[in-house]
Amino acid sequence: MVAGMTCSHCASSVSDELNAIDGVDGVTVDLNAGGASRVIVHSAAPIDPTAVRAAVEEAGYTLATSPI
């Protein structure tokens, strides 16, 4: 879950950063402008959670710390 996204441009920014991680095959974003948005990273192998956090933060957002 990613906090702070409010529009399709936000979702695109996060998707672009996550797609740049080695091993990521694709990203699906279920935008929830009123709260945390569900972001699914598709890959054949596990992706380092630190890389995911760094990519989301590079896009200007944060991982939600608790389920909404």
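User: Before we begin with the terms, where is serine 37 found?

Analyst: Serine 37 is found in the loop between β2 (24-30) and β3 (38-43). Helices (H or I, at least four residues) and strands (E, at least two) are DSSP runs, numbered from the N terminus. Please keep in mind that this is a predicted model, in which local features need pLDDT of at least 70 and side-chain atom pairs count only at pLDDT 80 or more, while totals for chains, interfaces and linings use all residues. Residues are numbered from 1 along each chain as its sequence is written, and side-chain values use heavy atoms, with hydrogens and water left out.

User: Why is serine 37 called buried?

Analyst: Buried means under 20% relative accessible area, exposed means over 50%, and partly exposed lies in between (1.4 Å probe, protein chains only). Serine 37 has 0% relative accessibility, so it counts as buried. Not counting residues up to four places away in sequence, serine 37 touches Met1, Val2, Met5, Asp30, Leu31 and Asn32, where contact means heavy atoms within 4.5 Å.

User: Is serine 15 buried or exposed, and what makes it so?

Analyst: Serine 15, which is found in helix α1, has a relative accessible area of 14% and is therefore buried. Leaving aside its neighbours within four places in sequence, serine 15 is in contact with Val27 and Val29.

User: Why is threonine 28 called partly exposed?

Analyst: The relative accessible area of threonine 28 is 38%, so this residue is partly exposed. Its place is in strand β2, and, once neighbours within four places in sequence are left aside, threonine 28 is in contact with Arg38, Val39, Ile40 and His42.

User: What joins the side chains of threonine 28 and histidine 42?

Analyst: The two side chains are joined by a polar contact of 2.7 Å. A polar contact is a pair of N or O atoms within 3.5 Å; within protein, one atom must be able to donate a hydrogen and the other to accept it, and residues adjacent in sequence count only if both atoms are side-chain atoms.

User: How do you know that the buried residues of α2 line one face of the helix?

Analyst: The buried residues of helix α2 (residues 49-58) are Val52, Ala55 and Val56. Seen down the axis of α2, these buried residues fall within an arc of 95°, so they line one face of the helix; the arc is that of the directions from the helix axis to the C-beta atoms. On the other side of α2, Thr50 and Glu58 are exposed, while what covers the buried residues includes β1 (2-3), α1 (8-19) and β4 (62-63).

User: What caps the N-terminal end of α2, and what follows the helix?

Analyst: Aspartate 48 caps the N-terminal end, with a side-chain oxygen lying 3.1 Å from the backbone nitrogen of threonine 50. The helix is followed by glycine 60, whose phi is positive, near 100°.

User: Why is glutamate 57 called partly exposed?

Analyst: Glutamate 57 is found in helix α2, and its relative accessibility is 44%, so it counts as partly exposed. The C-alpha atoms of glutamate 57 and valine 2 are separated by 9.7 Å, although these residues are 55 residues apart along the chain.

User: How do you know that the radius of gyration of the chain agrees with that of a compact globule?

Analyst: The radius of gyration is taken over C-alpha atoms, and the globule rule is 2.2 Å times the number of residues to the power 0.38. With 68 residues, a compact globule would have a radius near 11 Å, and the chain has 11 Å, so the two agree. The C-alpha trace spans about 30 × 25 × 20 Å along its principal axes, and buried residues make up 28% of the 68 residues in the chain.

User: Which pattern does the chain follow along the sequence?

Analyst: Read along the sequence, the chain follows the pattern β-α-β-β-α-β, and its secondary structure comes to two helices and four strands.
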